[in-house]
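Subject: Structure for you to look at

Hello,

Here is the structure I said I would pass on. My notes follow below it.

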Amino acid sequence: MVAINIQSADDIISAYLKYLKFSDKQARKIAATIKESVAEQHDIVQAIDNLLIPQARAIFSGMYLTDEQLAALYKFCFLQAGGAKKWGGDFFKQEPSPAFAEALRKEVMLNAPGYQMSHMRQQKIEPVLRHHFKLKFWHFKGSKNG
Amino acid sequence: MDNIPQAFAISRYEIFKRRFKVFGLMLISTLLATLKWITVLPTDVAWFTKAVLIVLFILTFAWISLFFWSSWFGFWSLLRKKHVPGIVWPSKEAPLQSRTALLMPVYNESTAGVMANLLAIAKDLERTGKEEYFDIFILSDTTNPKIWLDEECLWMQAKKIISPKINLYYRRRAKNTARKSGNIEDFCNKWGASYKFMIILDADSLMSGETLVQMVRLMEANPQTGIIQAPPMMINAHSLFARIQQFAGRVYGPIVSAGLAYWQLGDSNYWGHNAIIRVKAFIDCCGLPVLPGKAPFGGHILSHDFVEAALIRRGGWAAWLLPELKGSYEECPPTMIDFAARDRRWCQGNLQHIKVLLSKHLHHVSRIHFTIGIMSYLSSPIWLCFLLVGLAIALGREFFPPIYFTETRTLFPMWPVFDKIGTIALFALSLFMLIFPKFLGLIIYKINNPKSQGALKSTLTEIVISALIAPIMMMFQSKFVLEIISGKSVSWNTQNRGGDGTSWREAWNRHFWHMTLGIATTIIVFRYAPELFWWMLPITLGLMLSIPISVWSSRISVGQKALKRHYFQIPEEVQLPEIAVMAHEYEQKLECVLPDAKGVMLLLNAPGIFALHSFMLNVNGPAPAVSKDIQDEAQIKLENFVNHGVEPDFSREEEIFLLYRPDIIQRAAMLPLLSRHHAAGAEAPQQ
């Protein structure tokens with residue numbers, strides 16, 4: 001795993017948020033509010049991602065996605081909607097505002113619809129003559145031995 | 001099994017009559033020519049050599065004879081402007097009732113070109129007002145990590161441009177089992193049940209909205225139809241070689257297609273793209289087996305299209321080739337070498353059909369399709385053998401003069417008889433059968449395009465150039481057949497669709513042995529069999545000039561000079577189809593938005609694309625297994641880049657591994673944003 005050399009949890013949270021286009025000031029402010037809940041975690045980045053899951057699930061309620069996908073979709077929609085500037089304060093809110101949720105839902109890009117499973121059975125491609133030849137071969141062998 | 005579907009509005013007698021005419025005439029003309037051939041064979045040749053010459057003659061003559069008679073009936077069909085009988089043609093106002101998926105399987109293709117074509121198709125569909133009945137799937141088998149990221153990036157851009165009524169989906173397979181056929185099968189297994197029809201496209205396919213809607217209407221009006229193939233017309237050619245192919249396709253293609261449709265009717269073939277398929281029929285009948293044995297003859301079926309058409313027909317569904325369907329386009333390989341590279345893949349795929357040809361319960365017309373495909377490539381070594389045997393006989397005379405008086409005493413000497421006039425007559429007949437259909441095609445072309453310029457001179461020039469190219473292709477294909485028979489398989493390479501041209505060095509490497517063979521044969525023939533010199537010259541000349549022909553014909557500048565003088569000009573060059581214009585415009589737009597950073601570097605710099613990529617990973621299937629060494633090396637290179645600015649030279653496996661690990665990428669992307677990143681010490685705790 002790529003080593004992140006750090007001195008504090010603040011540092012990681014800020015970097016995480018700055019990567020999502022939050023300003024330095026915004027990032028520090030938000031970091032202070034969520035620091036407690038993630039600082040003791042073994043994997044801070046994963047812990048921040050986990051913080052996003054409840055509101056992501058609330059916003060994209062009709063979609064059956066894994067937690068990783070939900071976090072990724074949430075971040076994608078947030079970035080596409082210009083989230084840091086417009087909705088910076090709502091990023092970690094447990095109950096997202098309807099306007100924020102709507103703005104994010106507008107940005108959803110589905111790369112594939114839900115599965116409708118079928119099964120393509122392998123077809124048989126049998127030579128017409130093989131069986132016939134085999135019989136003849138065995139017959140010939142049999143008579144020779146006999 | 002001869003289960004003609006009920007929906008065929010044509011009697012069995014009519015079907016039989018059409019096939020009897022084409023194949024009867026082929027057999028009669030081959031029989032007559034063979035009888036003549038037997039009389040013109042030199043009398044002093046051993047019976048075995050004679051037998052070989054007769055068999056080779058029958059095979060080559062039957063081949064050109066089938067082409068001739070099929071084209072002849074195609075010509076008359078087009079002249080009478082009749083629809084292919086047996087299929088119900090719905091009204092152009094008939095409402096659509098079914099959902100159709102447009103499938104674009106891609107494999108390391110030019111991303112902007114593919115997306116541009118899809119956007120143009122979608123835009124044209126929008127004009128029909130029926131766009132809500134169509135969804136588009138990009139089914140990626142791309143293995144190049146940089147192209148993979150480009151695809152995701154441009155898919156995102158295309159989603160912003162495309163009509164909101166058309167769903168544009170993107171799915172990449174982690175493991176491209178069974179290549180293109182496996183890609184389509186994966187779609188059918190996961191999403192096929194949601195759609196009644198699917199239209200298969202190729203990376204260079206363009207189909208007008210009207211044609212797509214018409215194809216769906218045809219499928220709805222003919223419930224027993226499994227496949228409808230729209231013959232694609234070549235466009236967008238720039239090099240001389242591609243423009244000649246394009247012209248030949250435009251002028252002679254229609255009578256060839258109409259000829260095939262004349263006798264194939266509802267037992268037609270499928271060419272792998274620009275065709276609509278009934279999904280249920282495909283799912284029920286077309287699960288391709290892995291052929292027993294090793295590649296090149298065993299393993300996954302390469303040329304899956306012929307086999308799928310045969311299986312769908314075996315399942316009782318009809319397959320139609322409908323030359324009436326216009327607005328279906330494709331592109332041509334830009335150079336002779338690219339054309340040969342494509343031929344190498346097709347050659348292996350078609351020869352693999354030898355294993356399928358005698359499979360149980362196939363319709364007899366499906367067996368004919370396989371035979372035609374196999375013969376397209378076997379005809380080259382057969383022709384080569386024919387020439388070699390003829391040459392050997394002539395040289396034999398030089399080294400072993402004829403014996404006029406045998407040991408047995410006779411009253412008359414044994415004069416070797418050679419019927420020169422008969423031979424010339426047969427040669428002229430063969431030439432006529434090869435060339436005359438081209439003029440039939442020209443007549444139809446001129447009737448439909450009375451204002452076209454330079455068609456006659458282009459046809460005459462095309463005949464000369466194709467005669468020069470034919471022996472080169474014969475040598476290429478003979479080599480391919482030999483390689484395949486000796487067990488050498490082909491790898492899956494992306495088809496070159498650009499027009500960079502062939503360099504002299506590349507041409508020298510590829511054609512050196514053609515040229516050497518041409519020169520050697522010319523010298524030998526001139527020295528030892530001078531009576532054959534002029535006969536052999538059309539063949540040896542092409543071989544001797546193979547290098548300059550290959551280079552010269554690959555040049556866009558030469559192609560454009562020819563266009564200025566109206567050589568090989570087709571109506572679509574005078575006025576490019578609107579859908580092609582749109583595709584060009586979209587391509588330019590998309591190329592501008594394509595980021596400079598590629599692969600992992602793109603993800604480090606573009607959080608939006610990174611988030612999208614992470615979100616889409618699940619649909620790709622599980623990450624491919626990678627060795628520990630590759631994993632470590634990839635992470636070291638990434639760390640060296642983010643910590644010390646060392647430009648990473650990821651191998652393909654390393655980069656693919658990283659693309660499947662968003663957790664690593666995210667941490668690497670965050671590193672430069674850490675406030676104390678540069679001050680971080682080695683002893684600091686690691687996250």
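In this predicted model, helix H1(B) goes past H14(B) in a left-handed crossing. H1 covers residues 12-40 of chain B and H14 covers residues 420-448 of chain B; their axes come within 9 Å and cross at roughly 150 degrees. Angles over 145 degrees count as roughly antiparallel, so H1(B) is roughly antiparallel to H14(B).

The residues that meet are as follows. H1(B) contributes Ala33(B), Lys36(B), Trp37(B), Thr39(B) and Val40(B), while H14(B) contributes Gly422(B), Thr423(B), Leu426(B) and Leu429(B). Sorted by class, this contact has 5 nonpolar, 3 polar and 1 charged residues.

Next, the two chains. In the contact between them, 46 residues of chain A face 53 residues of chain B. On the chain A side, helices H1 (9-19), H3 (44-59) and H4 (67-80) each supply at least two residues. H4(A) gives the largest share, with 8 residues. The side of chain A that touches chain B has 26 nonpolar, 12 polar and 8 charged residues.

Last, helix H17 of chain B, residues 533-544. The end C-alpha atoms of this 12-residue helix are only 14 Å apart, whereas a straight helix would reach 16 Å at 1.5 Å a residue. Buried in H17(B) are Met536(B), Ile539(B), Thr540(B), Gly542(B), Leu543(B) and Met544(B). Their cover includes four helices of chain B: H13 (364-399), H15 (455-485), H16 (504-528) and H18 (546-554).

Regards

How values were computed
Residues numbered from 1 in each chain as written. Chains lettered and ligands numbered in written order. Predicted model: local features only at pLDDT ≥ 70, side-chain atom pairs only at ≥ 80, totals over all residues. Axes fitted to C-alpha atoms, helices over the stretch in contact; angles between N-to-C directions. Parallel < 35°, antiparallel > 145°, perpendicular 65-115°, else oblique. Left-handed = near helix turned anticlockwise from the far one by under 90°. Contact = placed C-beta atoms within 7 Å. Nonpolar A, V, L, I, M, F, W, Y, C, P; charged D, E, K, R; others polar. Expected span 1.5 Å × (residues − 1). Buried ≥ 20, exposed ≤ 12 C-beta atoms within 10 Å, placed from the backbone.
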